[in-house]
Amino acid sequence: MGIKSIFWLVVLTALFYVGFKVAPVFFKGTIGIRGVCKEQVDLYKKYGREYVSKRIEESLTEKGIPPDKRTYTIESDAGENRVTIRINYSDTVDFFGRYQKTFDFSYECEGKLRSVY
């Protein structure tokens with residue numbers, strides 16, 4: 001096995017390790033919070049703020065996002081008949097105990113408070 005082969009083996013191993021550490025955080029921060037936001041903004045007009053607030057908490061916990069790493073706001077504007085939900089998620093990935101990288105994600109979605117006929 002030549003030095004070139006060892007080099008590429010080390011590079012591939014490092015990429016796999018970084019991907020293994022970072023991929024779950026990116027999945028939760030992109031697909032996870034978007035799905036929760038879109039689902040709950042649609043339910044707001046039917047069930048109201050309290051129900052949606054509780055469901056956001058439950059859904060984010062189910063996605064593996066702990067309460068200390070997330071925040072969300074629910075704003076409703078009765079004059080314009082709309083609701084806006086913002087979900088923020090921040091997580092830190094530790095690489096070998098020497099380097100830490102913090103990833104911040106934010107997603108905002110908007111929905112109508114009444115159906116259009």
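This briefing covers the fold, shape, surface and confidence of the protein shown above. The model is predicted. Its secondary structure consists of two helices and three strands. The radius of gyration is 20 Å, well over the 13 Å that the globule rule gives for 117 residues, so the protein is more spread out than a compact globule.

**Fold**
- Read from the N terminus, the order of elements is α-α-β-β-β.
- Helix H1 covers residues 3–47.
- Helix H2 covers residues 49–62.

**Shape and packing**
- The C-alpha trace spans about 70 × 30 × 20 Å along the principal axes of the protein.
- Of the 117 residues, 26% count as buried.
- Take the contacts in the protein with a separation of 6 or more: 53% of them come from residues 24 or more positions apart.

**Surface and charge**
- The protein has an accessible surface of about 8200 Å².
- Carbon and sulfur atoms account for 58% of that surface.
- The protein carries 19 positive and 15 negative charges.
- The mean positions of these positive and negative charges lie 6 Å apart.

**Confidence**
- Mean pLDDT for the protein is 89.
- A pLDDT of 70 or more is reached by 95% of the residues.
- Among the elements, helix H2 has the highest mean pLDDT, at 93.
- Helix H1 has the lowest mean pLDDT among the elements, at 90.

Conventions. Residues numbered from 1 in each chain as written. Predicted model: local features only at pLDDT ≥ 70, side-chain atom pairs only at ≥ 80, totals over all residues. Heavy atoms only, no water. Helix = DSSP H or I, 4+ residues; strand = E, 2+ residues; numbered from the N terminus. Rg over C-alpha atoms; globule rule 2.2 N^0.38 Å. Buried < 20%, exposed > 50% of the residue type's maximum accessible area, 1.4 Å probe, protein only. Contact = heavy atoms within 4.5 Å. Areas by Shrake-Rupley, 256 points an atom, 1.4 Å probe, with all protein chains shown as cover. Lys, Arg positive; Asp, Glu negative; His and termini not counted. Charge placed at Lys NZ, Arg CZ, Asp CG, Glu CD. pLDDT = per-residue confidence, 0-100.
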